[in-house]
Amino acid sequence: MRLINYGCSASQFDAMFAAQDGKCAICGALETRTQQSRLRTLAVDHDHATGKIRALLCGGCNSGLGSFEHDPNVLEAAITYLQAHAPDMRTL
Ligand SMILES: [Zn+2]
């Protein structure tokens with residue numbers, strides 16, 4: 001069995017990719033990043049504590065979660081911060 005990443009098999013990846021319509025589970029966009037002129041595949045996101053696979057993410061969202069240490073509290077604080085400094089975004 002070929003493993004993609006974090007214990008995700010190729011068939012698991014294909015099933016998730018199809019279920020997500022090939023789009024990132026957070027931003028809903030298709031992957032646009034390339035590596036050696038080839039379009040990268042979506043990243044396999046997993047819970048670092050349990051190792052459980054969550055979903056497929058684009059490189060940007062995957063990096064973003066990593067930057068915020070996968071911590072919902074820090075992400076909430078970032079939302080609050082952005083809203084406090086961008087009044088126009090409060091209605092979004
Ligand atoms: Zn994304």
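This is a predicted model: local features need pLDDT of at least 70, side-chain atom pairs count only at pLDDT 80 or more; totals for chains, interfaces and linings use all residues.
What share of the contacts in the protein with a separation of 6 or more comes from residues 24 or more positions apart? I looked it up: 40%. A contact here means two C-beta atoms, placed from the backbone, within 7 Å.

I number residues from 1 along each chain as its sequence is written.

Next I went through the elements. I found three helices and six strands, where helices are DSSP runs of H or I with at least four residues and strands are runs of E with at least two, numbered from the N terminus. From that end the order is β-β-α-β-β-β-β-α-α. The protein is more spread out than a compact globule, because its radius of gyration is 15 Å, well over the 12 Å that the globule rule gives for 92 residues. That radius is taken over C-alpha atoms, and the rule is 2.2 Å times the number of residues to the power 0.38.

Then I checked burial. Buried residues (20 or more other C-beta atoms within 10 Å of their own, with C-beta atoms placed from the backbone) make up 11% of the 92. In helix 3, zero of the 14 residues are buried, so the helix lies largely in the open.

Last, I looked at a hairpin. Strand 5 (residues 43-46) pairs antiparallel with strand 6 (residues 53-57) over four bridges; pairing takes at least two DSSP bridges. His 46 has Ile 53 as its bridge partner. Six residues sit between the strands, and Gly 51 in the turn has a positive phi of about 80 degrees.

Methods. A residue is buried if 20 or more other C-beta atoms lie within 10 Å of its own, exposed if 12 or fewer, and partly exposed in between; C-beta atoms are placed from the backbone.
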